Amino acid sequence: MKTILRLMFVSVMLLSSLRIFADTADDVYQEAVSTYENYEFEDALVGFLKLEFQGIINADLFYNIGNCNFRLNKIGLSILYYKKALKADPEHSESNRNLKYALTFTKDKQTNEENDAVSTFWRKIKTKLYLNTTALILLIIGFFIVLLVNTAILKFRGREKTGLNFAITIGVILFLVFGLIGYLNLQDYYNTNQAVLIQKTAIAYSGPGSEFTRQFTIHEGMIFDIEKQENDWSLIKLSNGLGGWIKTELFEKIKFVKL
């Protein structure tokens, strides 16, 4: 009995702590929004970044960080955070609109569209079946599978149940399909091979070092994929297929802070 009461006490204290944390975070957020509206973009950025460093993943938060950086003429960082916002919520229309606008300020002209059919199809799947939606679908399918199995065991014991077996099989297949989609979305949610150049320029070389042949030069705000990392160098690939090695310190990955 004492153990149960202790567990209940700890649970209540934990919930209270979470409530206090949420209230505190909301206060910091609202203060940063107010500061931004007063055109104090540096101070607003400090407030928003404080929330990100606490591990908060929120599209509106990243959108506001992107806006602060854009106002401070940090185009690369603004693009980075608009991309983060869309990673947190692919249907965040404000971030999508501002990202397209920010890209017009980059020296290397680029778009935010997926070119190949596979990428476009997968992007649409992720948008329609993002983590929360996929989790809900899995919960519903799992519930019906359990219900059908219990029905087969309790109501149809020793009787023909071809229809039930077929329904259970379909349910399991759907569960596995949506489970795979959810797993891939979760992997993409926390991990990425995509990055944004945040420095003014970067020279790409044919190998991991400045002693190799120069390949091309890219500029702030360029979005690219990371193929490989070796010491302080990274092999990147541009959307047009060009590849080369640049210093890792020149870019930031489009990923979330993990505590």
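I began with helix 5, whose buried residues pack against helix 3 (59-71), helix 4 (75-88) and strand 4 (223-230). I note here that the model is a predicted one.

I then looked up which residues of helix 5 (residues 93-103) these are, and found Ser95, Asn98, Leu99, Ala102 and Leu103 to be buried. They lie on the same side of helix 5, because the arc they cover around the axis is only 135°. As a reminder to myself, an α-helix has 3.6 residues a turn, so residues three or four places apart point the same way.

For the setting, I looked up the protein as a whole and found eight helices and seven strands, with 37% of its 259 residues counted as buried. Of the contacts between residues at least 6 apart in sequence, 58% join residues at least 24 apart. The protein exposes about 16100 Å², and carbon and sulfur atoms supply 59% of that area.

Next I turned to backbone angles, keeping in mind that most residues other than glycine have a negative phi. Asn73, which is not a glycine, has a positive phi of about 65°, and I located Asn73 in the loop between helix 3 and helix 4. Asn73 is exposed, with a relative accessible area of 53%.

Where does Asn231 sit? I found Asn231 in the loop between strand 4 and strand 5 (233-237), and its phi, near 55°, is likewise positive in a residue other than glycine. Asn231 is exposed too, at a relative accessible area of 75%.

Terms used:
Residues are numbered from 1 along each chain as its sequence is written. This is a predicted model: local features need pLDDT of at least 70, side-chain atom pairs count only at pLDDT 80 or more; totals for chains, interfaces and linings use all residues. Side-chain values use heavy atoms; hydrogens and water are left out. Helices (H or I, at least four residues) and strands (E, at least two) are DSSP runs, numbered from the N terminus. Buried means under 20% relative accessible area, exposed over 50%, partly exposed in between (1.4 Å probe, protein chains only). Contact means heavy atoms within 4.5 Å. Accessible areas come from the Shrake-Rupley method with a 1.4 Å probe; for residues, only the protein chains shown count as cover. The arc is that of the directions from the helix axis to the C-beta atoms.
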